[in-house]
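Me: I am new to this structure and would like to learn how to read it. Could you take me through it step by step?

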Amino acid sequence: MTDLIEQQTAISEVLRAIASSPHDLQPIFDAILDSATRLCRADAGSLRLSEQSGLRLVAVRGDPFLVSQVWSSFPVLAEKGSLLSRVATSRLPTHIPDLTALEGDRDDLWITVVNAGFRTGLVVPLLKDNEIVGTITLGRKQVQPFTDKQISLFSDFAAQATIALESTRRERQYREMQSELAHANRVATMGQLTASIAHETKQPITAARTYAAAALRFLDKNPSDVVEVREALTCIVNETDRARDVVDRIGSLIKKAPPRKEVVDLSAAILEVTALTRSEAVKTGVTVGTQLASELPRIRCDRVQLQQVMLNLIVNAIQSMSGVEDGSRELQISTVNIGPEGVRVEVQDTGPGLSPESLPRLFEPFYTTKPEGMGMGLSICRSIIEAHGGRLRATGCEPRGALFEFTIPAA
Ligand SMILES: Nc1ncnc2c1ncn2[C@@H]1O[C@H](COP(=O)(O)OP(=O)(O)O)[C@@H](O)[C@H]1O
Ligand SMILES: [Mg+2]
């Protein structure tokens, strides 16, 4: 009975580690080993995971001396065909009650194990659908065989830990793929804006040059007009700051960064994106209006991802209006305080709007009506917003145009 409770505690500790560390596998590996060594009264435990070329050591826990011995004496990659790999292929727990009593098989690995201070060992392969996904090895400093009970308890624990580990790995792979896609979409969207963004960076540089030329003229005056020179230099500083800000913003949108949650000033984040897209709007003859609520509930989100959503919606809106023959081309961006529920952001255009055929398909991956389109923008926007606990929806407007609105819950 107590054994069972201990086993339950061990697995629930692993699950807790998984819940509290969604992005990093290391604490989960450590929790698995801590639980395993405690469950079986071992002095140290190590975890290896299968990869193409063998079994890679990913975590060692327990007696500090043994831990350092393992890292310094054992190969990090136990290659295919090595003794450890062969032991794992049996798919059964391998128990060596007394290493010093082992006859015959005294090879290099044996010497390493004994020199590292181990006397009793237990290797349990981790199996998924009969595939070896890794191994856990437990060791004791004294000759003290594991009991059958401990071995079977530990095998059960290892099976449960494997399931937990595998689902976290899959989940993480999926998240990594999502973030790759999101990054590719950011780069592609910025790519569509290259000409406008180049213009946006060139503007302050040109202005700075004009001020510099003026400063030279004021300096050449006799006597030099120091007051004017100072003023021109101050303007140069401001313009170069502006250029640097634009480059920084481009950088943060193009850089690949792990997702993060932080308190974000929504208005500032939106204004940065409208600044980046300003030239594109001007080029397309679109006037941009913003109506940003002065008081908004605090929100926590990934700033870059939020800007990516805005960028996609704004670029879509501008593109939709590029074909409008008559009538004004207006883009309206608003934020609304929706109280305890958080904030709502609206992006409305006066383009052709959404046809009944396209409306249900807008958010499908690869759905596009543009010759050069990828059709990934809206699907990524929706997954970003939903990952933040919000909703993104689209509606047609009267007499024309489309409205995209999303919510972000309050922190
Ligand atoms: N503001 C809008 N007005 C009209 N149609 C839109 C608007 N935004 C998106 N759409 C439609 O949704 C489709 C998918 O958009 P998106 O996922 O961003 O991919 P892409 O922009 O590469 O086509 C667009 O091709 C377009 O048909
Ligand atoms: Mg798009």
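**Reading the model together**

Reply: Let's begin with salt bridges: a side-chain nitrogen of Lys or Arg within 4 Å of a carboxyl oxygen of Asp or Glu. By this rule the count comes to 23 salt bridges. This is a predicted model, in which local features need pLDDT of at least 70 and side-chain atom pairs count only at pLDDT 80 or more, while totals for chains, interfaces and linings use all residues. Residues are numbered from 1 along each chain as its sequence is written, chains are lettered from A and ligands numbered from 1 in the order in which they are written, and side-chain values use heavy atoms, leaving out hydrogens and water.

Me: Which residue forms a salt bridge with Asp30?

Reply: Arg61 does, with the closest N and O atoms 3.7 Å apart. Asp30 belongs to helix H2 (residues 26-39) and Arg61 to strand E2 (residues 54-62), so the pair ties together parts that are 31 residues apart in sequence. Helices (H or I, at least four residues) and strands (E, at least two) are DSSP runs, numbered from the N terminus.

Me: How many residues surround ligand 1?

Reply: A residue is near a molecule if one of its heavy atoms lies within 4 Å of it. Here 19 residues surround ligand 1, and the closest are Asp349, Thr368, Thr369, Lys370 and Leu378. The shell divides into 9 nonpolar, 8 polar and 2 charged residues; nonpolar means Ala, Val, Leu, Ile, Met, Phe, Trp, Tyr, Cys and Pro, charged means Asp, Glu, Lys and Arg, and the others, Gly among them, are polar. Helix H10 gives the largest share, 3 residues.

Me: Which residues have polar atoms close to an oxygen atom of ligand 1?

Reply: A polar contact is a pair of N or O atoms within 3.5 Å. An N or O atom in the side chain of Lys370 is 2.7 Å from an oxygen atom of ligand 1, and for a polar side-chain atom of Asn316 the distance is 2.8 Å. A polar backbone atom of Gly377 lies 3.3 Å from a ligand oxygen.

Me: What should I look for in the backbone?

Reply: Most residues other than glycine have a negative phi, and most peptide bonds are trans. The bond from Asn222 to Pro223 is cis, with omega near 0°, and Pro223 is in the loop between helix H7 (194-220) and helix H8 (226-254). Another cis peptide bond joins Glu398 and Pro399, with omega about -5°. Arg41, not a glycine, has a positive phi of about 50°; Arg41 lies in the loop between H2 and strand E1 (44-51).

Conventions
A polar contact is a pair of N or O atoms within 3.5 Å; within protein, one must be able to donate a hydrogen and the other to accept it, and residues adjacent in sequence count only if both atoms are side-chain atoms.
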